[in-house]
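Please keep the sequence and the model at hand while reading.

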Amino acid sequence: MPKKDLTPFKEYLIKRLNKGISNGKKLFSEIQDQGFEGSYMTLYRYLKSDLRIFWKKQYKKSFQFNSIKSSVNLSKYKRAMTVTTSQGEQAQIDWGHFGKVTLNGRIEKLYCFVFVLGYSRALYIEFTTTQKLPVFEACHINAFRKLGIPKSIVYDNTKTVVLSNQKMPDGERRIHLNLSFLDFANYYGFEIIASHPYWPRDKGKVEAGVKYVRNNFMQGIRFPKNIQSLKELNLEAQKWID
């Protein structure tokens with residue numbers, strides 16, 4: 001049987017599509033693990049033709065939020081610019097929110113710590129049920145062990161890092177950092193860079209990283225049925241990253 005023939009994978013693909021997996025790249029990776037040797041475009045054409053009814057339904061459902069028109073006047077905002085950094089120069093960090101999960105009989109909020117290196121886009125992620133400072137710092141340490149310590153890290157205005165970020169009449173910004181976290185940064189030798197309030201493009205690489213985790217690793221995962229513990233989820237996440 002030809003390895004590029006998708007017929008043997010049809011039942012599996014329909015099953016995954018019915019579970020809400022609309023991301024073709026994720027499906028491609030899964031059937032590659034099962035022995036498919038064809039190209040992504042072969043799968044893409046198969047989804048658009050033979051499985052179009054199943055795929056189109058899930059694809060539209062995943063992206064229906066795009067149909068909502070924004071009332072924001074973008075003309076008054078500055079244009080986005082691509083920021084290029086050298087090796088080891090900068091990382092960006094943010095939290096992703098992933099609803100709720102039942103752990104040990106308790107309903108907990110689920111967060112994902114996302115760390116992205118600016119030059120290589122190398123990614124580290126860790127799921128937690130809190131964003132408190134000790135956990136936030138522990139996630140940093142785990143990321144440093146995996147990917148190293150950059151010269152600077154870009155953050156949004158989370159209170160664990162930035163207590164206040166004010167624009168003064170002269171246009172300058174007055175930033176007050178959380179002194180406990182500043183001690184942590186000084187100990188590990190990296191500079192804290194606070195992004196402009198309400199301007200996510202300052203840390204667009206990690207914003208894209210959060211979206212990538214949401215639309216690839218997390219797509220199709222149901223709680224609490226598939227994951228029994230936070231440790232299990234993080235082990236699966238590490239396998240995916242590797």
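## Salt bridges

Glu 30 and Arg 16 form a salt bridge, in which the closest N and O atoms are 2.7 Å apart. Because Glu 30 belongs to helix H2 (residues 24–33) and Arg 16 to helix H1 (residues 10–18), the pair ties together parts that are 14 residues apart in sequence. Both Glu 30 and Arg 16 are buried. The coordinates discussed here come from a predicted model, and the structure holds three salt bridges.

Another of these pairs is Lys 146 with Asp 242, whose closest N and O atoms are 3.4 Å apart. Lys 146 counts as partly exposed, at 43% relative accessibility, and Asp 242 counts as exposed, at 65%. A further salt bridge joins Glu 236 to Lys 239, with the closest N and O atoms 3.6 Å apart. Here the two residues both lie in helix H8, three residues apart, which is about one turn of the helix. Glu 236 has a relative accessibility of 33% and is partly exposed, while Lys 239 is exposed, with a relative accessible area of 58%.

## Strands and hairpins

Strand E1 (residues 90–103) and strand E2 (residues 106–117) run antiparallel and are joined by eleven bridges. Within this pairing, Ala 91 has Leu 117 of E2 as its bridge partner. E1 and E2 form a hairpin with two residues between the strands, and in that hairpin Asn 104 takes a positive phi near 55 degrees.

Strand E2 is also joined to strand E3 (residues 123–128), again in an antiparallel arrangement, by six bridges. Phe 113 stands opposite Glu 126 in E3. The hairpin of E2 and E3 has five residues between the strands, and Arg 121 in its turn has a positive phi of about 65 degrees.

## Cysteines

How many disulfides does the count give? With a disulfide requiring two cysteine sulfur atoms within 2.5 Å, the count comes to zero. The sulfur of Cys 112 is 8.7 Å from the closest cysteine sulfur, that of Cys 139, and this is too far for a bond. Cys 139 is accordingly in no disulfide, its nearest cysteine sulfur being that of Cys 112.

Are these cysteines buried or exposed? Cys 112 counts as buried, at 0% relative accessibility. Cys 139 is likewise buried, with a relative accessible area of 0%.

## Confidence of the model

The protein has a mean pLDDT of 80, and 77% of its residues reach 70 or more. Confidence is highest in helix H5 (residues 133–147), at a mean of 96, and lowest in helix H4 (residues 52–62), at 64.

Over residues 63–72, pLDDT stays under 50, and the model has one contact beyond four places in sequence for this stretch. Where pLDDT is low, the predicted coordinates should not be read in detail.

Conventions:
Residues numbered from 1 in each chain as written. Predicted model: local features only at pLDDT ≥ 70, side-chain atom pairs only at ≥ 80, totals over all residues. Heavy atoms only, no water. Buried < 20%, exposed > 50% of the residue type's maximum accessible area, 1.4 Å probe, protein only. Pairing = 2+ DSSP bridges. Helix = DSSP H or I, 4+ residues; strand = E, 2+ residues; numbered from the N terminus. pLDDT = per-residue confidence, 0-100. Contact = heavy atoms within 4.5 Å. Salt bridge = Lys/Arg side-chain N within 4 Å of Asp/Glu carboxyl O.
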